Amino acid sequence: MSDDQAPVEEMDMAPEAEDAAQEIEALKLEVAALKDQALRYLADAENTKRRAEREMNDARAYAIQKFARDLLAAADNLARATAMSPRDSQDPAVTNYIIGVEMTEKELLAAFERNGLKKIEPAKGEKFDPHLHQAVMEQPSTEVAAGGVIQFLQAGYELMGRLVRPAMVAVAAKGSTAPGSAEPSSGGGANPYAGANTEADGSGGSVDIKS
């Protein structure tokens with residue numbers, strides 16, 4: 001190859017190198033786009049999986065909700081039986097019967113717990129919650145502030161966070177004050193249960209206050 005031919009060959013290679021650089025840059029952009037698309041597909045798949053799991057849990061909860069509600073009457077009867085049982089009886093047969101009823105109640109409640117059905121038993125002084133409680137009566141109280149629970153009369157239940165039956169309670173009437181509680185404000189004529197007359201998310205947490 002002569003010296004006269006060398007510059008010509010270098011000039012011919014320059015466009016090829018430029019084309020190769022452009023092709024590499026285009027491939028890099030394509031790889032970045034494909035990577036972004038793959039990440040989007042992965043995120044969509046994860047969201048679909050989570051949505052399917054949530055819908056499956058909801059379907060399971062709704063499927064057993066009616067069955068669970070039907071069993072609550074049996075649980076209530078067992079609770080009444082154990083509460084009224086003659087524990088001081090000297091008759092071995094009666095004692096064994098009481099023990100059997102208590103064991104049955106305990107096992108039923110354990111089965112409820114294992115399947116996500118939890119008992120609602122508001123403590124005395126707890127604030128009335130229309131989403132979980134149903135007020136069946138109100139009474140003046142010097143121990144509980146207005147709007148607080150004086151006594152729970154029947155246990156409520158919730159299934160996987162959804163109310164199956166509200167707890168029935170007696171609540172402190174307007175004007176009630178607990179020791180150390182703040183004095184009612186000038187606007188104290190407001191009903192402490194205002195806004196609690198609607199159901200909680202359609203799950204039955206209504207309020208039925210009887211004088």
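Predicted model: local features only at pLDDT ≥ 70, side-chain atom pairs only at ≥ 80, totals over all residues.

Reader: Let's begin with strand 4 and strand 5: do they run parallel or antiparallel?

Author: Strands of a sheet pair through backbone hydrogen bonds, and the pairing can be either parallel or antiparallel. Here strand 4 and strand 5 run antiparallel, with three bridges joining them. For two strands to count as paired, DSSP must find at least two bridges between them. The strands themselves are DSSP runs of E with at least two residues, helices are runs of H or I with at least four, and both are numbered from the N terminus.

Residues are numbered from 1 along each chain as its sequence is written, and side-chain values use heavy atoms, with hydrogens and water left out.

Reader: Arg165 sits in strand 5. Is Arg165 buried or exposed?

Author: Relative accessible area tells you: buried is under 20%, exposed is over 50%, and partly exposed is in between, using a 1.4 Å probe and protein chains only. Arg165 has 15% relative accessibility, so it counts as buried. Its side chain makes a polar contact of 2.7 Å with that of Asp76. A polar contact is a pair of N or O atoms within 3.5 Å; within protein, one must be able to donate a hydrogen and the other to accept it, and residues adjacent in sequence count only if both atoms are side-chain atoms. Leaving aside residues up to four places away in sequence, Arg165 touches several others, including Leu72, Ile120, Gln154 and Tyr157; contact here means heavy atoms within 4.5 Å.

Reader: Tyr157 is in strand 4. Which ring does Tyr157 pair with?

Author: A pair of aromatic rings is described by the distance of the centres and the angle of the planes. Rings of Phe, Tyr and Trp (its six-membered ring) pair if their centres lie within 6.5 Å; planes under 30 degrees apart are stacked, over 60 edge-to-face, and the rest tilted. A search of the whole structure turns up one aromatic pair. The partners are Phe112 and Tyr157, with centres 5.8 Å apart and planes at 80°, so the pair is edge-to-face. It links distant parts of the chain, as Phe112 in helix 2 and Tyr157 in strand 4 are 45 residues apart. Both Phe112 and Tyr157 are buried.

Reader: What caps the N-terminal end of helix 2?

Author: Asp91 does, with a side-chain oxygen 3.0 Å from the backbone nitrogen of Ala93. Asp91 lies in the loop between helix 1 and helix 2, and at 38% relative accessibility it counts as partly exposed. Helix 2 itself has 23 residues. From first C-alpha to last, helix 2 reaches 33 Å, close to the 33 Å expected, where the expected span is 1.5 Å times one less than the number of residues. Ile98, Val101, Glu105, Leu108 and Phe112 are buried in this helix. Just after helix 2, Gly116 has a positive phi of about 85°.

Reader: What order do the strands of the three-stranded sheet have?

Author: This open sheet has the order 2-6-3, with mixed pairing. Strand 2 and strand 3 are the edge strands, each pairing on one side only. Strand 2 runs parallel to strand 6, joined by six bridges, one of which pairs Gln139 with Ala172 in strand 6. Strand 3 pairs with strand 6 in the antiparallel sense over four bridges; Phe152 stands opposite Val169, and Gln154 opposite Met168. Strand 6 is mostly covered, with five of its six residues buried.

Reader: How many helices and strands does the chain have?

Author: The chain has two helices and six strands, running α-α-β-β-β-β-β-β from the N terminus on. Buried residues make up 25% of its 211 residues.
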